[in-house]
Amino acid sequence: MTADNLEKMKRWRLILGAATEEKLKSFDSTLAQLLDEEARIMDEALAAIYDDTQLIDDSSRSGQKGQTRAAGLGSSSPKIAKWLGDIRTFFPPDVVSVIQADAIERKGLTQLLFEPELLSQVKPDVQMVATLMSLKGRIPEQTKETARQLVKAVVDEIMKRMSEDLRRAVTGALNRRKHSPIPSVTGLDWNTTIRKNLKHYDTNRKLLIPEKVYFFDRARKSKEWTVILDIDQSGSMANSVIYASIVGSIFASMPSLETKVVAFDTEVVDLSEQCANDPVDMLFGIQLGGGTDINKSVAYCEQFIKEPQKTLFILVSDLYEFGNRSEFLRRMDELHQAGVKVLCLLALSDEGVPSYDEAIAKRLASYGIPSFGCSPDRLPELIEGALKGMDLVQLSARVGEKK
């Protein structure tokens, strides 16, 4: 068997688990030593979650028949600590995130989030932050600071990833009519520069050699636009809630934008102040789960609209409305008719479009309000186009195709 085929067989063995080992040996006796030492450790780490192997020992249970493993970690903490170390050593970061999430779902390991020494070994990612947010009321006092540091690590990473592009998008869209003598690559006015330098076109070399380059003026008046983020905090929207909240914090730091951030289930919570001060506190102020009353949240947000033509309203929701559907649709149509730039993000995440209410999405589309999933990396292009007054339906289709 070739080395390439052996590598493929090893991968299949890791995927299918120990139950397939005897069959592989009967197929080819040379496969008896298919897994080397490193692969064996990987296999044990996977088996702890996906086979019947116990990651939490019997000693951690209370002894009552049928009791769940979540009663306490007890002496199993070292075993879990080793497992956390193994998966971070032998698997890439995106796979680690999946395995950690499956550990919580399949093995009931929410307790690992309650032990500071274990939580400190967890790989910080969006899914883990979502889990912490859903459990925040149960996290013991001695673990809260560790949990906060984990959330902060994820927030900082997303801020670093998105902040520059979002700032550039907003800066590039606002007050582009005036020119400035201060050069700026992002503020280069290509149309004016080309038009005013056509007389300097070199026909022999077929080059336009500009005598003067024109740049847009970056000076802007304070609070030129109002941006409202209305975020559905139902459990299915967990990742989108995290990204949208951090986007709100980035917007809040821009003097040209008046930013309002609202989260809702059956009640409405105004997070604008926390958003401007500390996005980590804001995330811990969100309560994932519960029902959904989108109409109530839109009604609340209407008070922030002073100049409809200078307002961008972004609803982050899967559109499953358990409040007044007809009132919700009427409000959305009225916002659009008044000149508000209205967008509905069914998802703001890397996972794609979730399950959503197609009937409401189609009704909104008939009003000229697009509903679509958007990855965080595509959001700056969408925001810039909206602030420039581009057709949002066409823009959303273009952004959706690229994600």
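Here are some questions and answers about this predicted model and the labels used for it.

Q: Where do K152 and D156 lie?
A: Both are in helix 8, which covers residues 141-173. They're four residues apart, or about one turn of the helix.

Q: Why is K152 called partly exposed?
A: Partly exposed is the label between under 20% (buried) and over 50% (exposed). K152 has a relative accessibility of 35%, so that's where it falls. D156 gets the label too, because its value is 38%.

Q: How do you know that R331 and E302 form a salt bridge?
A: Check the distance again: the closest N and O atoms of R331 and E302 are 3.0 Å apart. The limit is 4 Å, so the pair counts.

Q: Why can you say that this pair ties together parts of the chain?
A: R331 sits in helix 14 (residues 325-338), while E302 is in the loop between helix 13 (294-301) and strand 8 (311-316). Those parts are 29 residues apart in sequence, so the pair links them.

Q: Is R331 buried or exposed, and why?
A: Buried! Its relative accessibility is 16%, and buried means under 20%.

Q: What makes R330 and E334 a salt bridge?
A: Their side chains meet at 2.7 Å, N to O, and that passes because the cut-off is 4 Å. Both residues lie in helix 14, four residues apart, about one turn of the helix. R330 has a relative accessible area of 33%, so call it partly exposed. With 42%, E334 is partly exposed as well.

Q: Which residues are joined into one network with R330 and E334?
A: E302, E327 and R331 belong to it along with R330 and E334, through salt bridges that share partners.

Q: How many salt bridges turn up in the whole structure?
A: The search finds 15.

Q: What does the protein chain look like overall, in helices and strands?
A: It has 17 helices and ten strands. Out of 403 residues, 48% are buried.

Methods: Residues are numbered from 1 along each chain as its sequence is written. This is a predicted model: local features need pLDDT of at least 70, side-chain atom pairs count only at pLDDT 80 or more; totals for chains, interfaces and linings use all residues. Side-chain values use heavy atoms; hydrogens and water are left out. Helices (H or I, at least four residues) and strands (E, at least two) are DSSP runs, numbered from the N terminus. Buried means under 20% relative accessible area, exposed over 50%, partly exposed in between (1.4 Å probe, protein chains only).
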